[in-house]
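Open the model in a viewer and keep the selection tool at hand. The stops below go one by one, each with something to select and something to look at.

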Amino acid sequence: MIDSSFDRRDFLKVMGWGGAAVALSGCGNTSIEDGKETVVSYVEAADYVIPGVSVYYNSTCAQCDAGCNINGRVREGRVLKLEGNAASGINRGKMCGLGQAGVQHHYNPDRVREPLLRNGDRGEAIAWDKAYALIAEKLNGVSGDEVAFLSGGVSGHLKVLLGNYLESLGSKNHFVYEAVSPAVVRAANKKAYGNEMPRFSINKAKVVLSFGADFLGSWVSPVHFSQQYAQFRKGVNGQRGVLVQVESKMTLTGANADRWLVVRPGTEGVLALGIINALGASGVALSGDAAAASQGYDKARVTSETGVSAEHLDKLVALLKERTPSLVLAGSAAEGYAHGSQNAAAINLLNQVLGNVGKTIEAPAVLPFPQMAPAKGSSLALKSLNEGLAAGKYKVLFTYGANPVFTAPGSMKFKDSMGKAAFKVAFAHYLDETALQADLVLPLDSALEDWGTQVPEYLADGAQINIQQPLMEKLHPETRGMGDVLLALIKQRQADAYKGFEDYYSYLRSALLQNKGALGGGGSDDDTFWDATLTSGIIKLAGAAGTLSASSAAGLKLPEAAAADAQFPMHLIPSVTANLRDGRHANQPWLQESPDPLTTIVWDSWVEIHPKKAAQMGIVEGDIVEVASKTGTIKAQAYLFPGIHPDAVSIPLGRGHEAMGRYAKGFGVNPFQILDAVYDQETGELAMHETRVKISKVGQRVIVVKDEGVIGGKQDGRRIALSKTTDQVKLSEEI
Amino acid sequence: MKDIREDIAWAKINKDVLVSLENPRKMYWVIVFSALALFSVGVGCEVYQYNVGMGVANLNNPNVWGLYIATFIFWIGMSHSGTLLSAILHLMHADWRKPIYRFAEAMTTFSLMTAGLFVMVHIGRLWQFYYAFPYPSERWVWPNFQSPLLWDAMAIFTYLSSSVLFLYVGMIPDLAICRDNLHEGWRKKLYTFLALGWEGTDRQWRNFRITYLTIACFLIPLAVSVHSIVASDFAMSQQPGWHVTSFPPYFVAGALYSGCAAIITLFIILRYVFKFEDYMTKSILKKTVRLTFAIAMVWTYLNAVEFAAVWYGHDVDAKQVLIQKATGPFAPFWWGMIFCGSVLPLILAFKRFQTNIPVLFAVSLLLNLGMWLERWMIVAPTFSHGYYPWVWDNDQWPSLVQWGMVMGSFGWFTLLFMIFCKVFPSVSMYEVKEMVYHRSLHLKKDETAEQGAH
Amino acid sequence: MSVGTLLENWSEFRHFHPVDDKPHDPYKWAMSIDLDTCTGCNACSVACYAENNIPVVGKEKFQHGQQMHWMRIERYWSEDDREFPDQGAQFLPMMCQQCEAAPCETVCPVGATNHTADGLNSQIYNRCIGSRYCSANCPFKVRYFNWYDYPTVDNVWPAEMTRQLNPDVSVRGKGVMEKCTFCVQRLRAVEVTAKSEGRIVREGEVQTACQQACPSSAISFGNLVDPESRVHKQWAAQQVVLEADEQEKNKEHGTSELRGYRILEELRPYPSVMYLEQVRESAV
């Protein structure tokens, strides 16, 4: 029963539906407290649990933010394997390697198993109620402004609950941080299309021109894009889609391109404007803005600045002109500079010139519940948090879903700043670098044990809310779901409002049932709707179609190319690999042993150097090289890699942990440590690709541990992996 | 130079040989204990490998075979010359073989036993090795009769049992001599038992000759087939560098070659250790050396045949393996094999070296090193440079465990051999007597041989 | 347990060779992999680890070449000496090709690797004695030997992680050979179900783990003798014939406009995996 002192508006807010764009139906239904359910123990197995027979539950992958819907195989109460949920519009039954490894997150031997309180250098196990009491005690007398909460991207009811909790503390300091996020592109998209993440229909494009967007590997929603890519390759009427990738270091997507154009680092925008210029010259009508922006970017200038040959430029322009619609993507390579926003804007302008907006760039569905929409992470958030911490502004710091001590650029000295907060609470799965700095570590359930709702940032297939449900009983009795923890914490503040919810499950169930009409369960009773929801794992929402707004690119101007740096002559490209991303999953051994697709290296970091450059410097494979920036130096093995600009070196992110667990600690190096503090001028995001370095041989040499054989991926003239050109095949006759 | 002095009294022969059962030089014990130490190293390696897994040998995918198989072939090959000397030369009535065939025959037996061990240490699940035998299983499961490895197992087992039988049968008259001349003790009982009541009657001798000849005839095709079958392990596979038609004769030639070289080595050792200078004469040594030289040339020819067949054939992959052997990371070993196997034996063509014991000792060891390298060069390069370039891998240097077991095998072989020579007469007394007798018939004026009548 | 049995079995032995007159009935499992849609992302490989209880050997053993990935993604560069790989790389998922006349089968001394009636190259772990002859004779080198006793090696499967192991698949101890099985556990399950329902397995009823995961659906798998199966249609459209050692379409010019091919076909193992060549745009 709803307490009489608890009015309707508060109620809506508690449940996360406040401000909903859709009218609540069935409001006033008093079944909230009926939401109590106990999970039947396995000893008294439910009749659907048959030893030897697998059952499958739908849930949501939590390994990245793409929100793929998964289908977990459970047998004898153990989750065995994760498959894609075939009914999902996002991943359509498919899974990436990172997602597959989710079970290793769940069963990881290095998970934190009980609340740990700092005692000197050690963590002492304490009980949960003591931990909660301690938090209440530490928050006592601290103003809301002195509390900061750092989280990764959050969405759904967890975001609501988190917001409500911070509000109950009187704090507005929620910092949503993702070390690797397309934040600059979001801003540029917002400007160009009126949407941060429009839908990119790769499958509808005849040509995809990607400026460093690794959409097959790690960009935004790779599993979804991979399926679109497959359709794009099959093409329409046998006309196969053409992929051209522009970047300074080959990504997985670049490795699949029909033409991979290596550009001088940072000149992506120049090339985009050069293409606009050439298109204009070849008769494509340009808007005034486009003409103005591309003015002066003639072929001679563009080829000399970017290093792309005139021949390739001409062919590309001809192709873009001839085959429409096309799709131009601005990715992490383009945005990672101080002029990243301008780069992205120039690239987006190319889409407008080519008339792709509305054809291959479409409006995303509008989520009817904006408060559920994901809080999108950026590195700007970490910057401001760091400044606040360094200034001693925050006394209590919560961290959840982020590992800033590992991922903050070395120039930020985040670890030192964090030390200035008097009380640091880490909600953690592992004792990672950040948790080790905390005073109190609270162990969380894995995503396969926890309840939740999630809304992906990239709505591939209409608006939807993903359901996360436990696939099995908890492995460790003393871990808690993040929702449960937040509920317990918020009860410290607003006991009355939340007293009806024994746990996060009952909260979630109540919340969803409360609004089942809007969630597509209008006609059914609560249990039917609830069962159907859990069964499908997806709530598809009938949302209004969004709109794209045309925008002007007035005033777009790229900065002059930066002068060569004599002391630090090389560009450092910290690469994001599909498996390790920002390193939060480095303790999953499948991911460590899964070879990097391009170099086939496992279990270690490497420095990619172009063979020509390496020959000049006398570097051979396996030489330990020192990579020094203004901020710091790291040493790693050299790998001679043809897919990189000779003036750049690349080191993958995600390895080099000093803590976290047996599979992560001590393997490789962490290039975050040597990133300089250079920021995008418009958005203030960290310019990941702006760090300049110098490299030198240390004098040691190691054997590079990799899968490829001694001849480095050559076929020696044998017919192993074959290739044809489009004029040699008849794709139309294929099935 | 005479093969043997015609004037040795038969009693002296008995005495000289029998003394070897009692009182060898100190060097004997040095050799025995060194061998024991080496063998212990091998046992230690095997215990470690058995417990931890084959991985400690530093084998990998695709380099799944290593020194174990190479050394296995080496020991199988070593076994052939015993048969050559005892059976083939017996049939050819080359009586100079008589003082040395016994130990050569023992060498055959013991090298087969050594080779057998390598099959054991090589397989991943030693405890299930009997699956390879065609025993009547309750599950009606037979081994795969298509597999050359199974033929191998059968051929070796047959060869080993026949060799033991041949060795034993040929020893019966000598065992009787031992029985009659040795003082009481466990040995006497052993010889009494093993001599099977031999009294040297006419009938016994007649039956003995027939039996011995029959086994000899049986053994010769067996010996040829054994190494042909070992060759089939490779030739019947599909891998470049292995799929060579000439492999069976090539293997047989190599086998005889290494066996002869080993006979020279052991000849020199036994001659010294057991003071057999009167029986293991330089003349016999010279004949053995000449035989070895001839076989070396046959081997060299067959090598050239193989290379030419590969070089002028159309099998690009096989040709690449050959080129890789000669130029790749295996080149030092491959050229070492060519040098030791084809160049070094040319020394043996010079008369002055044919009886030079220090030179021959060194050369015979190097010849066998060459033959061991040959086996390694057959096995390893094909794995590191097969059909599939992605898995090419030349860096697979055998671990100390592998080397330990190779060393251990030499210890094991030497140990068995030296114990045999101490327990059984390593020179055939009755055949040496025959030999002396036949030579002495040409010297009718000389009465010495008559006096030696026993 | 008699010689009679032996001889009787012998007549059946290796009866499933493609040149034999006995057709595959009702199943012949086969695969086709489109290298033009394969992106090399490694999802299939990780899925294979998850499904088939493949041990993670760790850095040191990987360095020694003792990795166990049944499915490996090979990455090839073009071999003309261009400065940059400006047409990308080539990725090739390679696993056991389930050859019809498998070189590994004939050489196993104990008959631990055999051909099944539904066209698989099976591996019987319990029978294997670890001679490794099969791997020695495999042209593709897709057989992986258990160099160590992985279930007891530190950090391969710590206590919690053993609970992830698929109970339908044996966990292999030291000394046995293993390789891709085409997810035989999944095949057997549906075959038995279909049989009990008096029908054959329908197209789409079973997927291999790699196929199921593949984000770009580059892998097709199914019953080659079922005219309704996608694999059958693809093989037919590509004019790739299982029992040929040289395809008719290639005989005249050595190549054709169709992309289907089998690797090392000329060695006559008759692989059950067809690859479709990668394509690159000629206009750019």
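At what angle do α3(B) and helix α8 (residues 202-235) of chain B pack, and how far apart are their axes? This is a predicted model, and in it the two helices pack at about 160 degrees with their axes 10 Å apart. Angles over 145 degrees count as roughly antiparallel, so α3(B) is roughly antiparallel to α8(B). The crossing of the pair is left-handed.

Now show side chains at this contact. From α3(B), select B:I69, B:F72, B:I73, B:I76 and B:G77; from α8(B), select B:V226, B:H227, B:V230 and B:F234. Coloured by class, the contact of α3(B) with α8(B) shows 7 nonpolar and 2 polar residues, and no charged ones.

Stay in chain B and select B:N61 and B:P62. The peptide bond from B:N61 to B:P62 is cis, with omega near 10 degrees. B:P62 sits in the loop between α2 (26-52) and α3 (67-78) of chain B.

Go to chain A for another cis bond. Select A:T324 and A:P325, which are joined by a cis peptide bond with omega at about 0 degrees. The loop that holds A:P325 runs between α12 (310-322) and β12 (326-330) of chain A. Most peptide bonds are trans, and most residues other than glycine have a negative phi.

For the phi angle, select A:E76. Phi of A:E76 is positive, near 50 degrees, and the residue is not a glycine. Look for A:E76 in the loop between β2 (69-75) and β3 (78-84) of chain A.

Next, select residues 504-514 and 526-536 of chain A, which are helices α21 and α23. Their axes are 10 Å apart and the packing angle is about 110 degrees, so α21(A) is roughly perpendicular to α23(A). The crossing of α21(A) and α23(A) is right-handed. A:Y505, A:R509, A:L512 and A:L513 of α21(A) meet A:D526, A:D527, A:F529 and A:W530 of α23(A). By class, this contact of α21(A) with α23(A) has 5 nonpolar, 3 charged and no polar residues.

The last stop is the second largest pocket, with a volume of about 1100 Å³. Centre the view on A:K706, A:E708, A:G709, A:V710 and A:G712, which lie nearest the pocket centre among its 50 lining residues. The elements giving two or more residues to the lining are β23 (633-640) of chain A, and α3 (59-63) and β2 (72-76) of chain C. By class, the lining of the second largest pocket divides into 21 nonpolar, 14 polar and 15 charged residues.

Definitions and conventions: Residues numbered from 1 in each chain as written. Chains lettered and ligands numbered in written order. Predicted model: local features only at pLDDT ≥ 70, side-chain atom pairs only at ≥ 80, totals over all residues. Heavy atoms only, no water. 1 Å grid on protein atoms, 1.4 Å probe; cavity = no way out; pocket = protein on both sides within 12 Å on 5 of 7 lines; lining within 4 Å. Points joined across faces, edges and corners; volume = space filled by probe spheres on them. Helix = DSSP H or I, 4+ residues; strand = E, 2+ residues; numbered from the N terminus. Nonpolar A, V, L, I, M, F, W, Y, C, P; charged D, E, K, R; others polar. Axes fitted to C-alpha atoms, helices over the stretch in contact; angles between N-to-C directions. Parallel < 35°, antiparallel > 145°, perpendicular 65-115°, else oblique. Left-handed = near helix turned anticlockwise from the far one by under 90°. Contact = heavy atoms within 4.5 Å.
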